[in-house]
Amino acid sequence: MDNPRAPALYSPQLLALAIELADYPFDGAAAATGRARSRSCGSVIELSSSGSERLADIGLKTTACAVGQASAAIFAGEAQGMDRAEVGDMLRALESWLAGTAPSSILPRLELLEPARRHHGRHEAILLPWRAALDALSKPSDAR
């Protein structure tokens with residue numbers, strides 16, 4: 001039985017994050033593009049970056065639940081300038097947070113996703129933008 005005092009998964013603050021995605025239009029002609037798909041829910045995030053070594057002018061195209069969209073908005077606000085290693089480090093930190101072994105303070109506004117930690121089916125959606133970024137930054141420059 002769910003805890004009646006548990007915070008709602010789809011809070012107004014979480015839903016408001018999805019609106020921010022309009023500030024990050026996807027550019028299919030960007031220097032780097034990547035894609036990630038959740039095996040558990042089918043959500044997809046495509047990412048574009050004008051930089052191929054570091055994320056710059058991030059663009060996103062999301063087909064995801066509100067949790068995935070909120071995670072993508074948090075990602076877009078925080079990942080600018082990150083290189084492949086930094087993205088990988090944050091992905092591992094988020095996996096630790098989802099497992100309950102890291103605090104939400106590892107990333108600004110991550111506390112808005114705190115209710116989703118109890119919903120294992122939403123974990124992949126939370127990680128998708130970071131995986132899409134790794135995909136984009138991992139491709140050889142001649143493959144872009």
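Me: What counts as a contact of L134, leaving aside its neighbours within four places in sequence?
Reply: Contact means heavy atoms within 4.5 Å. On that basis L134 touches R84, V87, G88 and L91. This is a predicted model, where local features need pLDDT of at least 70, side-chain atom pairs count only at pLDDT 80 or more, and totals for chains, interfaces and linings use all residues. Residues are numbered from 1 along each chain as its sequence is written, and side-chain values use heavy atoms, leaving out hydrogens and water.

Me: Where is L134 placed, and how far is its C-alpha atom from that of R84?
Reply: L134 sits in helix α4. Helices are DSSP runs of H or I with at least four residues, strands are runs of E with at least two, and both are numbered from the N terminus. The two C-alpha atoms are 6.1 Å apart, although L134 and R84 are 50 residues apart along the chain.

Me: Is L134 buried or exposed, and why?
Reply: Buried means under 20% relative accessible area, exposed over 50%, and partly exposed in between, with a 1.4 Å probe and protein chains only. L134 has 19%, so it is buried.

Me: Is the crossing of α3 and α4 left-handed or right-handed?
Reply: It is left-handed. The term is for a near helix turned anticlockwise from the far one by less than a right angle; clockwise gives right-handed.

Me: Which residues of α3 and α4 meet?
Reply: From α3 come R84, V87, G88, M90, L91, L94, E95, W97 and L98. From α4 come H123, I126, L127, W130, R131, A133, L134, L137 and S138. By class, this contact has 12 nonpolar, 3 polar and 3 charged residues. Ala, Val, Leu, Ile, Met, Phe, Trp, Tyr, Cys and Pro count as nonpolar; Asp, Glu, Lys and Arg as charged; the others, Gly among them, as polar.

Me: Which residues of α3 are buried?
Reply: V87, G88, M90, L91, L94, W97 and L98. They pack against α4.

Me: How do you know that the length of α2 agrees with its number of residues?
Reply: The expected span of a helix is 1.5 Å times one less than its number of residues. Helix α2 (residues 66-78) has 13 residues, so it should span 18 Å. Its end C-alpha atoms are 18 Å apart, which agrees.

Me: What makes α2 largely enclosed by the rest of the structure?
Reply: 10 of its 13 residues are buried, so the description holds. Those residues are A66, V67, G68, A70, S71, A72, A73, I74, F75 and A76. Their cover includes α1 (12-19), β2 (44-49), β3 (59-63) and α4 (123-138).

Me: What makes the packing of α2 on α4 parallel or oblique?
Reply: The two axes come within 7 Å and cross at roughly 45°. That makes α2 oblique to α4. Their crossing is right-handed. V67, G68, S71, A72 and F75 of α2 meet A125, I126, P129, W130 and A133 of α4. The contact has 8 nonpolar, 2 polar and no charged residues.

Me: At what angle do α1 and α2 pack?
Reply: About 65°, with their axes 8 Å apart. The crossing is left-handed. L14, L15, L17 and A18 of α1 make the contact with A66, V67, Q69, A70, A73 and I74 of α2. These residues divide into 9 nonpolar, 1 polar and no charged.

Me: What does R109 count as at 25% relative accessibility?
Reply: R109 counts as partly exposed. It is in the loop between α3 and α4. R109 has a positive phi of about 70°, although it is not a glycine.

Technical notes
Axes fitted to C-alpha atoms, helices over the stretch in contact; angles between N-to-C directions. Parallel < 35°, antiparallel > 145°, perpendicular 65-115°, else oblique.
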